[in-house]
Amino acid sequence: QVQLVESGGGLVQAGGSLRLSCAASGRFFSITTMNWYRQASGKERELVATITKSGMSNYADSVKGRLTISRDNAKNTVLLQMNGLKHEETAVYYCYVSYTTRYSLIRDSWGQGTQVTGSS
């Protein structure tokens, strides 16, 4: 089972920058895909960015060019660099990973979420 601990959320002025971090720990064989989701109040959770183990990334259209996802496989961490934050991107940001167990089972895990608030 993988435990995820997120950090780096907070209050930032619109247009500002913030960096989120998510560290994975526990018993697993390999972490495959690492993702960031967000959920604004009253809205559905949406995928923000994805990165594979080899480093290939993909982004929601609304964040392309402003948000950057990266990972450190040695440390089992994933980062989300957020630049040019918009007020409407205020949300709880969640880390979500897929991993394989020592028995080759595919599992996934969610972090507890970290609040990001972009002040207008």
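This briefing covers the disulfide, an open sheet, the surroundings of one serine and the aromatic pairs of the structure above. The model is a predicted one. It contains one disulfide, an open sheet of four strands and five aromatic pairs.

**Disulfide**
- Cys22 and Cys95 are joined as a disulfide, with 2.2 Å between their sulfur atoms, and both Cys22 and Cys95 are buried.
- Because Cys22 belongs to strand S3 (residues 18–26) and Cys95 to strand S9 (residues 91–100), the pair ties together parts that are 73 residues apart in sequence.
- The torsion about the S-S bond of Cys22 and Cys95 is about -80°, and the disulfide is therefore left-handed.

**Open sheet**
- Four strands, in the order S1-S3-S8-S7, make up an open sheet with antiparallel pairing.
- The edges are taken by strand S1 (2–7) and strand S7 (67–72), each of which has a single partner strand, so one side of each is left without a neighbour in the sheet.
- On average, and with direction ignored, neighbouring strands of this sheet are turned by 15° against each other.
- Strand S7 and strand S8 (residues 77–82) run antiparallel and are joined by six bridges; Thr68 has Gln81 in S8 as its bridge partner.

- Ser109 is located in strand S10 (residues 106–110) and, because its relative accessible area is 9%, where under 20% means buried, Ser109 counts as buried.
- The side chain of Ser109 reaches the backbone oxygen of Val2 at a distance of 2.9 Å.
- Leaving aside residues up to four places away in sequence, Ser109 touches Val2, Leu4, Cys95, Tyr96, Val97 and Tyr99, and Cys95 among them is one of the two disulfide partners.

**Aromatic pairs**
- Among the five aromatic pairs found in the whole structure, Phe28 and Tyr99 form one that is edge-to-face, with 6.4 Å from centre to centre and 65° between the planes.
- Since Phe28 lies in the loop between S3 and strand S4 (30–39) while Tyr99 lies in strand S9, this pair ties together parts that are 71 residues apart in sequence.
- Phe28 is partly exposed, at a relative accessible area of 22%, whereas Tyr99 is buried, at 4% relative accessibility.
- The ring centres of Tyr96 and Trp110 are 4.4 Å apart and their planes stand at 40°, so this pair is tilted; it links Tyr96 in strand S9 with Trp110 in strand S10, 14 residues apart.
- Tyr96 counts as buried at 15% relative accessibility, while Trp110, with a relative accessible area of 37%, is partly exposed.
- Tyr96 and Trp110 also belong, together with Tyr37 and Tyr94, to one aromatic cluster.

Notes. Residues are numbered from 1 along each chain as its sequence is written. This is a predicted model: local features need pLDDT of at least 70, side-chain atom pairs count only at pLDDT 80 or more; totals for chains, interfaces and linings use all residues. Side-chain values use heavy atoms; hydrogens and water are left out. A disulfide is a pair of cysteine sulfur atoms within 2.5 Å. Helices (H or I, at least four residues) and strands (E, at least two) are DSSP runs, numbered from the N terminus. Buried means under 20% relative accessible area, exposed over 50%, partly exposed in between (1.4 Å probe, protein chains only). A polar contact is a pair of N or O atoms within 3.5 Å; within protein, one must be able to donate a hydrogen and the other to accept it, and residues adjacent in sequence count only if both atoms are side-chain atoms. Contact means heavy atoms within 4.5 Å. Two strands pair if DSSP finds at least two bridges between them. Axes are lines fitted to C-alpha atoms, for helices over the stretch in contact, and angles run from 0 to 180 degrees between N-to-C directions. Rings of Phe, Tyr and Trp (its six-membered ring) pair if their centres lie within 6.5 Å; planes under 30 degrees apart count as stacked, over 60 as edge-to-face and the rest as tilted.
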